[in-house]
Amino acid sequence: MRSSSIERIPAHKSHERVAVLLNANAKSVSERLRRQLEDFVPADDLFYSRTFDDARSIAHTVLARGYRTVLTGGGDGTFVGFANCILDAAANRGGVSVGRGGAAVRLAPQLQPVPRFGVLKLGTGNAVAGLAGASGRRVGVVEDILRARSGEASATRQLHLLQVGGKRAPFGGLGYDAKVLNDYVDFKKSVRGGPLAFAGMGGLGYFCAIAGKTIPHYVFQRGLPQIEVVNLGGPCQQVGPDGRPVGRDIEHGEIVYKGPCKLAAAGTVPFYGFGFQIFPHALRAPGRFQLRLTAITVPRILGNLRKIWKGGTPDGILDFHCDKVLVKFDREMPVQIGGDAEGYRREVVLEMAERPIELLDFRPQSLAARA
């Protein structure tokens, strides 16, 4: 039986074709949700992926069919994966022309228009879904899909993306945050298939990883990691706790920062998952990302956690607006891109992606217009 919240969608509205791209591995993409979606969404518009090859194949289908809107479900990592596959496929779609003598000549790839993206709140990390006002309830997820199909949710905003080591994402970095994610992945693998497998899921899994691996690592770590950040783009500007410029512009080729550092993270959106506002100034400079550097200790982070979580900036945290930087550490550091653990690296280039995307805003249009 349909809930009253779903029945609020006006039945007389014409429906637009919307591709719903779901991560079949996500816990929230349950069999119950699948059955419910089949009642409201045409089977041809529902796609499930389990592997990167699945996502890549789905991306080509989405472009070939000319969907104007795609909705992704499964968390920030799912959005990042599908967005990269669709943007790559759009950039590489060329044509074949018949040349002299009937020989086939491949034309240079052309930048094809891409659909607008909507992000459903179906993952552990939901930074982009939260930014766009997506609903957090299972019934609300179905309602968001119906609102997108009916045109009731039609407002969009530009979402600029980073490129982190060649992969597009709304945020990424090296250090504390990436260590948590890598430890979480390792912890899940260690308990998978055993009697403690339940402990590797969601918030409990993160708590176990942080308490059992991340905090002990930093408490007993010998020596502080050293970093050098070089500006490879246009003028870079340090910003203060209020988001206003501090000092002069840092020009192309100059060193942004050199010294001890335990976290080098960048974002074009304010949040990580769970409402953690780690980049409070990310939306102040469209076309540039917020770079956050710090060497403060775990005890100081825990002591200021509430303040940091809500977007505050305690002493010892440096923020910058940049469009391209080279980050070099003196040792291997854990990396995360868009909320997915990406192993360890000594250096990485952080830069703005080549094009923004249109992000569907699920909030009432009066609120979306003010965002």
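Trainee: What makes the contact between Asp183 and Lys179 a salt bridge?

Mentor: A salt bridge here is a side-chain nitrogen of Lys or Arg within 4 Å of a carboxyl oxygen of Asp or Glu. For Asp183 and Lys179 the N to O distance is 3.2 Å, so the pair meets that cut-off. This is a predicted model, where local features need pLDDT of at least 70 and side-chain atom pairs count only at pLDDT 80 or more, while totals for chains, interfaces and linings use all residues. Residues are numbered from 1 along each chain as its sequence is written, and side-chain values use heavy atoms, leaving out hydrogens and water.

Trainee: Why are Asp183 and Lys179 about one helical turn apart?

Mentor: Because they sit four residues apart in helix 7, residues 176–191. Helices (H or I, at least four residues) and strands (E, at least two) are DSSP runs, numbered from the N terminus. By that rule the protein chain has 11 helices and 20 strands.

Trainee: Are Asp183 and Lys179 buried or exposed?

Mentor: Both Asp183 and Lys179 are buried. Buried means under 20% relative accessible area, exposed over 50%, and partly exposed in between, with a 1.4 Å probe and protein chains only. Buried residues make up 50% of the 371 residues in the protein chain.

Trainee: What makes Asp319 and Arg292 a pair that ties together separate parts of the chain?

Mentor: The side chains of Asp319 and Arg292 meet in a salt bridge at 2.8 Å, N to O. Asp319 lies in strand 17 (residues 317–322) and Arg292 in strand 16 (residues 289–294), so the bridge joins parts that are 27 residues apart in sequence. Asp319 and Arg292 are buried as well.

Trainee: How do you know that Lys324 forms a salt bridge with Glu351?

Mentor: Their closest N and O atoms are 3.8 Å apart, so the pair falls within the limit for a salt bridge. Lys324 is in strand 18 (residues 324–337) and Glu351 in strand 19 (residues 340–352), and the pair links distant parts of the chain, 27 residues apart.

Trainee: Why is Lys324 called partly exposed?

Mentor: Its relative accessibility is 29%, so Lys324 counts as partly exposed. Glu351, with a relative accessible area of 22%, is partly exposed too.
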